[in-house]
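Grab a pencil and work through a few exercises on the model below. Try each task before you read its solution.

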Amino acid sequence: MFVGHFALGVATKKLAPTMPIWILFLAPQFMDLLFAPLVAIGLESFEPGPYGHLTLNILYTHSLVGALAIAAVAYWIGNSFWKSSRGGIILASLSFSHWILDVMVHRPDMPILPGNLGNFPLLGFGLWDFEYGVFATEVVMAIIAVILYFRWAQKEKQGARWFVGPAIITLFFAVLIISDIRNMPAL
Ligand SMILES: [Zn+2]
């Protein structure tokens with residue numbers, strides 16, 4: 001799931017008018033951004049597969065405690081760079097929203113403690129078994145996010161080029177959605 005995470009970030013633009021769109025866009029993906037270097041050093045891994053059928057070893061970045069720690073860093077970033085605890089709260093919420101969305105769609109592969117210390121049961125409600133339903137939900141989320149962002153920009157941005165930012169974001173969603181469609185398992 002990429003589209004849904006990015007969509008949540010874009011949809012919050014109105015709540016955080018002074019924060020640049022790129023940070024709102026990235027904040028819901030901090031956990032996956034950290035996943036990449038951990039894969040590089042071999043702590044986490046994945047086996048590619050069709051949409052909704054990845055095999056993931058994400059015992060650190062996607063552990064509940066890991067997600068909370070990453071959200072704490074997100075809070076710090078928002079607080080220090082945008083000089084408001086509101087900015088911190090928004091980035092932390094977006095960052096942690098990743099864990100909530102993932103726990104709904106993943107099959108059980110998300111631990112409570114990093115490295116699955118204590119061997120507690122892994123979490124994940126497995127909605128990815130209904131991959132077409134999840135995908136449709138992601139597309140709807142992206143459409144709503146883009147509409148909200150266009151409306152915000154039209155109202156708040158001065159000048160004739162108000163639509164450039166939202167148009168770029170729309171294009172990005174379109175590319176992601178098309179690549180997901182190409183990667184859908186056969187019906
Ligand atoms: Zn994730």
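Predicted model: local features only at pLDDT ≥ 70, side-chain atom pairs only at ≥ 80, totals over all residues.

Residues are numbered from 1 along each chain as its sequence is written, and side-chain values use heavy atoms, with hydrogens and water left out.

**Exercise 1.** Find the protein donors of the zinc ion and work out why their arrangement is irregular.

*Solution.* Start with the donors (N, O and S atoms within 2.8 Å of the metal, or 3.2 Å for Na, K and Ca; water is not among the atoms, so sites may look incomplete). You get Asp32 (OD), His62 (NE2), His98 (NE2) and Asp102 (OD), 2.0 to 2.4 Å from the zinc ion. Along the sequence, their spacing reads D-x29-H-x35-H-x3-D. Next, check the angles: they run from 83 to 171 degrees, so the arrangement is irregular.

**Exercise 2.** Where do His98 and Asp102 lie, and are they buried or exposed?

*Solution.* Both sit in helix α5 (residues 85–105), four residues apart, about one turn; helices are DSSP runs of H or I, at least four residues, numbered from the N terminus. Buried means under 20% relative accessible area, exposed over 50%, partly exposed in between (1.4 Å probe, protein chains only). His98 has 0%, so it's buried; Asp102 has 2%, so it's buried.

**Exercise 3.** How is Ile100 of helix α5 classed?

*Solution.* Ile100 lies in helix α5. Its relative accessibility is 42%, so Ile100 counts as partly exposed.

How values were computed:
Tetrahedral: all angles 85-135°; square planar, octahedral: opposite > 155°, others 65-115°. Helix = DSSP H or I, 4+ residues; strand = E, 2+ residues; numbered from the N terminus.
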